Amino acid sequence: MSSVTSSWRQRRAVARTRRALDRALARTSSPAMRDELLTMANRDFLIR
């Protein structure tokens with residue numbers, strides 16, 4: 001049961017991070033900022 005719970009928590013954390021990234025991308029004022037956010041997300045493996 002523990003592995004199921006940890007797997008669920010991990011998926012929820014990834015979903016929260018993706019939603020936060022989507023909100024940040026929607027608020028960017030320039031293409032350069034969008035590129036920077038995507039670079040940071042890819043570097044940190046936030047987009048899965």
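What share of the 48 residues in the protein is buried? The answer is 12%. Keep in mind that this is a predicted model.

Start with the overall layout. The secondary structure comes to two helices and zero strands. Helix H1 covers residues 2–27. Helix H2 covers 31–43.

Now the surface. The protein exposes about 4,100 Å². Carbon and sulfur atoms supply 56% of that area.

Next, the inside. Which residues make up the largest nonpolar core? There are five: Leu21, Ala24, Leu25, Leu37 and Ala41. H1 and H2 are the elements that each give two or more residues to this core. H1 provides the largest share, with three residues.

Is leucine 37 buried or exposed? Its relative accessibility is 16%. Buried means under 20%, so leucine 37 counts as buried. Now look across to leucine 25, also part of the core. Leucine 37 and leucine 25 are 12 residues apart along the chain. Their C-alpha atoms are separated by 7.3 Å.

Back to the outside, and to charge. Where do Arg11, Arg12, Arg16, Arg19, Arg23 and Arg27 gather? They form a patch of positive charge on the surface. Pick out arginine 27 from that group. Arginine 27 lies in helix H1. Its relative accessibility is 63%. The cut-off for exposed is over 50%, so arginine 27 counts as exposed.

Conventions
Residues numbered from 1 in each chain as written. Predicted model: local features only at pLDDT ≥ 70, side-chain atom pairs only at ≥ 80, totals over all residues. Heavy atoms only, no water. Patch = residues over 30% accessible without salt bridge, like charges linked within 9 Å, V, L, I, M, F, W, Y side chains within 5 Å. Areas by Shrake-Rupley, 256 points an atom, 1.4 Å probe, with all protein chains shown as cover. Salt bridge = Lys/Arg side-chain N within 4 Å of Asp/Glu carboxyl O. Lys, Arg positive; Asp, Glu negative; His and termini not counted. Charge placed at Lys NZ, Arg CZ, Asp CG, Glu CD. Helix = DSSP H or I, 4+ residues; strand = E, 2+ residues; numbered from the N terminus. Buried < 20%, exposed > 50% of the residue type's maximum accessible area, 1.4 Å probe, protein only. Core = buried A, V, L, I, M, F, W, Y, C linked by side-chain atoms within 4.5 Å.
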